[in-house]
Amino acid sequence: MTVRQLTFLLFVIINSKTVTSQLRCTFDRPLLGEYYSYENGLETHTSLKENGDIDRLFYRRQSGLGATASIITILDNHALGECLSLDWKENPFDHASKHHFQLIYRDKEKSCYQCYQMYNRTRNILQIRKSECNEITSFVTNQMNYQDLCASINLDADFDTLFSKTYSAEECRATIYGTFHFTYEFREGGIGICDNPISRLVSCPDPGTPFEAVNERFWMTYGYCRDLVSSIDAQPLYQCLGYWINDKGDVFTGIANERVGSERWYDKFRCMLTRQDQPQWFAKSLFAECSRLYSPTDGPEKVIITPVVPEVPTPTCFFPDNFTGEWVNTANVNARTIINSTHIHEISQVNNRGWLRETYYVCQQISRQQYLVKTVTKGECFSYYICFDFKDRHHNILRYRKSKSFMSNVYDDLSKRDPLYEVCSWTSFGNDANWKYQVFVLDPPSPIECPFTGMWTFKQVGQPNSLIHTRIRGGVTPRPRDHGWYITCDPKYMVSQWSICGDQTKSMFADREYCRQLDPYGTPIGVYEQPDYIYQCAGYWREDSRSYLITYDRDDPYINFKCWVYERFDLFKIYLSRSAGSFCGFNQTSESYRPEDGADLRIELDEAERIHDDCPIRYDDGRNPWQVIDEFLFYYASSSKIHPSLFLYVFLISFILNMF
């Protein structure tokens, strides 16, 4: 096929948008029905009949009669027409919101023609744009050309929004879900933001609601602000009529006020606008229209919502004293966790642009190491019971298991059902064989003795961006040496060194390019060199026959905490595997470095202590992490005299006394 033929074919596809066409212009779902709209200041009632007739009544509201008047609208215009053709227009290159029905309308009284573009937004809402009503489109041929008539529609014109009078509610969750406090501001009638503490927006299902009708309505409690004339005291109950998203990412939602009767269509229908990347703002119309909503912060009524807890539980027990502090939950994307004597407050980031998810766990009952808590989350609908199974704290580590959640309203009558025996039963923790304790790490951690010491050379295997590179910590130059700006090292003495030595056994020092060359007096010539990475030891333990280590790197701009799986292979080799995040994966071993195992780096340590380094190997696999290593004194035979410890003196004295 030639280039010219391809170009012609593409031109035909783009310009030939008609996919299906009806031979007879009759109405069926989703167009068939009775609709209400507000167009050009007139209340409009539209009837799309099955035989193809279109009946439109335009009413003008008469002011000054008050709410008790029997007639407050006057018929302004009546248009009766029929459908001549109805086509479905769909272009595969256009956004889905631009697919529409194209209808040719003939006014029976004026004998003129109009082109309607009808967009089926939801099963309850139509939006239309129409051309002028013309008798002919060409003065040359004196004929009506439907294609020219439809081409005269301004694509930037506002839509008229038609709300079905026989609507059925749809799901609200895509637009709004949860419990919120809100502030509101009306653009007209007085400028100012009303922030009343009692203002609440609740979009929650009733317990026991069928799944297909989980969340079809929400109510708003408007608090009155006496300093603002435009503030109101009302509590409308809205039903959701469906939502749609345009090509700009704006989310429109049609709503109907349940507390307004069918005789007041003017006050019943509204339109809302928000965005998925700005869920805390939305604009709301004052009439049955969407054309005056330009952005979530630009509309007749602007609302800003803030998530709040659905209830405030009362604590009835206490957590251990050594739980108190600020922690990081490594299993929940490094969520910040604050624990006091009665509450656990967890703050996690949902996504890059959304809110922070704040959850409160309030202590209710204690049984051994299990803690029954009532959990409430800001912006959620219900409270739940959850059971924490904690291990005793060691180092900077607090390990726990968390059960499944149980709705708290099931246990409202505690005299009949005690939640402790159900929520804290072993079956509620799940039957997965590959479970692990989750970890809280104190933030910032206090340094502890590392589980192993020594001086090593290392080899590394892992993801290219995760390897240990030469750098200056806190500096701007990539290499500290720059081919010898203060020392000259023989390349054969250049090694990658890993050390935990002397009085610095609470951190692991990694140097990608370390010079082991000595001067004639036996002193390392690289004495002024600084390590590339410093991993401060925060805690270690043994679980499922694997040794785990948590380290803290204050220089890491993304994740300060890292989890390592370490293992001693022989007298002189130790293997380490570093996690990609701050939590070790279920399949991660000391030899893992692939993303599918949750790791990104493997380190192979080979013992390389020199004669005068005084850096012996000590290894602890974490079987007893509650043992306080700081109480043990390590003596190295660096002199001709050996100084016995106090423990040796006590042992000898007690041994001699037992002999007599």
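Biologist: What is the handedness of the disulfide of C387 and C424?
Modeller: This is a predicted model. A disulfide joins C387 to C424, S to S 2.2 Å. The torsion about that S-S bond is about 105°, so the link is right-handed.

Biologist: How many residues apart in sequence are the parts that C387 and C424 tie together?
Modeller: C387 sits in strand 23. C424 is in the loop between helix 3 (419–423) and strand 26 (438–442), so the separation in sequence is 37 residues.

Biologist: Is C424 buried or exposed?
Modeller: Buried means under 20% relative accessible area. C387, its disulfide partner, has 0% and counts as buried. C424 has 6%, so C424 counts as buried.

Biologist: What is the handedness of the disulfide of C204 and C381?
Modeller: The sulfur atoms of C204 and C381 are joined at 2.1 Å. The torsion about their S-S bond is about -90°, so this disulfide is left-handed.

Biologist: How many residues apart are C204 and C381?
Modeller: C204 lies in the loop between strand 11 (200–203) and strand 12 (217–221). C381 lies in the loop between strand 22 (370–377) and strand 23 (384–390). The pair links distant parts of the chain, at a separation of 177 residues.

Biologist: Is C204 buried or exposed?
Modeller: The cut-off for buried is under 20%. C204 has a relative accessible area of 19%, so C204 is buried.

Biologist: Which helix holds C150, the disulfide partner of C115?
Modeller: The sulfur atoms of C115 and C150 are 2.0 Å apart. C115 lies in strand 7 (residues 113–120). C150 lies in residues 146–151, which is helix 2.

Notes
Residues numbered from 1 in each chain as written. Predicted model: local features only at pLDDT ≥ 70, side-chain atom pairs only at ≥ 80, totals over all residues. Heavy atoms only, no water. Disulfide = S-S within 2.5 Å. Helix = DSSP H or I, 4+ residues; strand = E, 2+ residues; numbered from the N terminus. Buried < 20%, exposed > 50% of the residue type's maximum accessible area, 1.4 Å probe, protein only.
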